[in-house]
Amino acid sequence: MAPIRIHDVHVSKRPHSTRLAGHIDEDLVTFEIDTDLVIEPRAEAFLAIALFLGMSRGRDIKIDENVPVSGRLVENLHHFQRICRQWNPDFTVRAMNGRFVPPRRQAATLSTFSGGVDSMATFIRQQQALTHLLVLNIFDRKGDEQPFSELKTRIGDFTKMVDKRMIAIETNAWDVAAKYDMAPEYLHGAFLGSVGAHLGVETYYIPSSYTYRDLKPWGSHPVLDPLWSTETTTVIHDGADLRRTEKTALIAERPELLEHLQVCWFDKVRNCSRCSKCVRTAITLDLLGVEPNPFARDDASRDIRRIEISSDSSASYVWDIKQLAEEKGRDDVAAAAAAHLRAHVRKRNLYGLVEATLGPRGTALVNRFRNRPYTGRKVMLRNPDSFV
């Protein structure tokens, strides 16, 4: 089978940005990059999509001879593929060919930044070392109706306040990935890693999504993220040692940062105070005794039932709130959280029975009925606890 080609990679200057563009086979992938760093015409930023496409379709990856790529990264990604194959046995480990040249070393320390709890906590922990914050148009895609310029303005104002520099990247990579039925939940870590590797900064932090306790196959993972390191860049998965409530407490100690916290699932520049992410942040701040609480709220023990639990991963956030409520002596909130978790366990066990009885095809029909189409994506990492 013909290899997947990364080719025709080039860089062009725009009035307020640099455009990095290249083809993955026939698909044009573009990155509009607003930064003071030098952008080179290299292959790294295109590898996340090419890699998952190759693993899922059984095709090797060929990088054109005139497009340099990090040799250390290519070596790391062989191990990356073996891990992903453990999580999805339909994947195959593919060869990658190219011209190995280390990226240009740039004197910068970078972290991705959306303004949410995870990225804000990493900013606080690494504030002294950081020189740049990276914002992309891939965070919380449910807010896509808002122009990326609004998000850039909000984070740009924040970076000026904290005396850092912003790197803003707008890309069509997510749309290209969707064309091949790639689940963004499992691609985003690789995509962030590939962009960081391309930039050639000295250190690149990817804020954790979950704690070590909650680890499952997921796009950003403490085992996977460091494998995007190159001869130039060290990639660090940061924050898995802290529960989400502990991260929120860290932020609450800095009122000037708390007012810039942006967690909403549906809005990039303001908090709706109604979605699950807003509600669980409001409850956490209430339990921490933060006044004034920047998130509108009613009664925490009642509001906790508004937190959507669609998986064990999202259930972990409710478990975290339950732990904090017990620590703070809020028996009402702890009891409400426990009841919410028990309901999730009952549904999960019922779903497990359906899966064991009906098998994969029957389960796919149930998922469509439950309006969970993402579980049927072709290019994704699977639940290792399912043996069906």
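Visitor: Which residues of helix H7 are buried, and where around the axis do they sit?
Guide: This is a predicted model, and in it H7 spans residues 244-252. Its buried residues are Arg 244, Thr 245, Lys 247, Thr 248, Ile 251 and Ala 252. They cover an arc of only 155° around the axis, so they sit on the same side of H7.

Visitor: Which residues have the most contacts inside the largest nonpolar core?
Guide: In general, nonpolar side chains in soluble globular proteins tend to be buried together. Here the largest nonpolar core has 61 residues. Its largest share, eight residues, comes from helix H1 (residues 47-57). The residues with the most contacts inside this core are Phe 31, Phe 80 and Trp 228.

Visitor: How many residues are in the second core?
Guide: This one is separate, and it includes Leu 130, Ala 252, Leu 258 and Leu 261. Ala 252 is also one of the buried residues of H7. The size of the second core is 30 residues.

Visitor: Back to Phe 31: what is it in contact with, leaving aside neighbours within four places in sequence?
Guide: Its partners come from several stretches of the chain's numbering. Among them are Thr 18, Arg 19 and Leu 20, then Ala 45 and Phe 46. Others on the list include Ile 169, Glu 170, Thr 171, Phe 191 and Val 195.

Visitor: How many residues of H1 are buried?
Guide: The buried ones are Leu 47, Ala 48, Ile 49, Ala 50, Leu 51, Phe 52, Leu 53, Gly 54 and Met 55. H1 is largely enclosed by the rest of the structure, because the buried count is nine of the eleven residues.

Visitor: Which residues other than glycine have a positive phi?
Guide: Most residues other than glycine have a negative phi, so exceptions are worth a look. Asp 8, in strand E1, is partly exposed, with a relative accessible area of 42%. Ser 273, in the loop between H8 and H9, counts as buried at 13% relative accessibility, as that is under 20%. Two examples, then, are Asp 8 with phi of about 55° and Ser 273 with phi near 65°.

Visitor: Which parts of the chain does the salt bridge between Glu 32 and Arg 14 link?
Guide: The two side chains meet at 3.8 Å, N to O. Both residues are partly exposed, Glu 32 at 22% relative accessible area and Arg 14 at 37%. They are 18 residues apart, and the bridge links strand E3 (residues 27-34) to the loop between strand E1 (4-13) and strand E2 (18-24).

Visitor: Are Arg 42 and Glu 44 buried or exposed?
Guide: These two form a salt bridge of their own, with the closest N and O atoms 2.8 Å apart. It is one of 24 salt bridges in the structure. As for Arg 42 and Glu 44, both are buried.

Visitor: What about Asp 332 and Arg 330: how far apart are N and O in their salt bridge?
Guide: Asp 332 is partly exposed, at 35% relative accessible area. Arg 330 counts as partly exposed too, at 24%. The N to O distance between them is 3.2 Å.

Visitor: Which element gives the most to the lining of the second largest pocket?
Guide: This pocket holds about 230 Å³ of space. Its lining has 13 residues, with Arg 213, Asp 312, Ala 315, Ser 316 and Arg 348 nearest the centre. The elements that give two or more residues are H11 and helix H12 (331-369). With five residues, the one that gives the most is H11.

Technical notes: Residues are numbered from 1 along each chain as its sequence is written. This is a predicted model: local features need pLDDT of at least 70, side-chain atom pairs count only at pLDDT 80 or more; totals for chains, interfaces and linings use all residues. Side-chain values use heavy atoms; hydrogens and water are left out. A nonpolar core is a set of buried Ala, Val, Leu, Ile, Met, Phe, Trp, Tyr and Cys residues joined through side-chain atoms within 4.5 Å. Buried means under 20% relative accessible area, exposed over 50%, partly exposed in between (1.4 Å probe, protein chains only). Helices (H or I, at least four residues) and strands (E, at least two) are DSSP runs, numbered from the N terminus. Contact means heavy atoms within 4.5 Å. The arc is that of the directions from the helix axis to the C-beta atoms. A salt bridge is a side-chain nitrogen of Lys or Arg within 4 Å of a carboxyl oxygen of Asp or Glu. On a 1 Å grid over the protein atoms alone, a cavity is a set of points where a 1.4 Å probe fits but cannot get out, and a pocket is an open set with protein on both sides within 12 Å along at least five of seven lines; lining residues have an atom within 4 Å of a point. Grid points are joined across faces, edges and corners, and a volume is the space filled by probe spheres set on the points.
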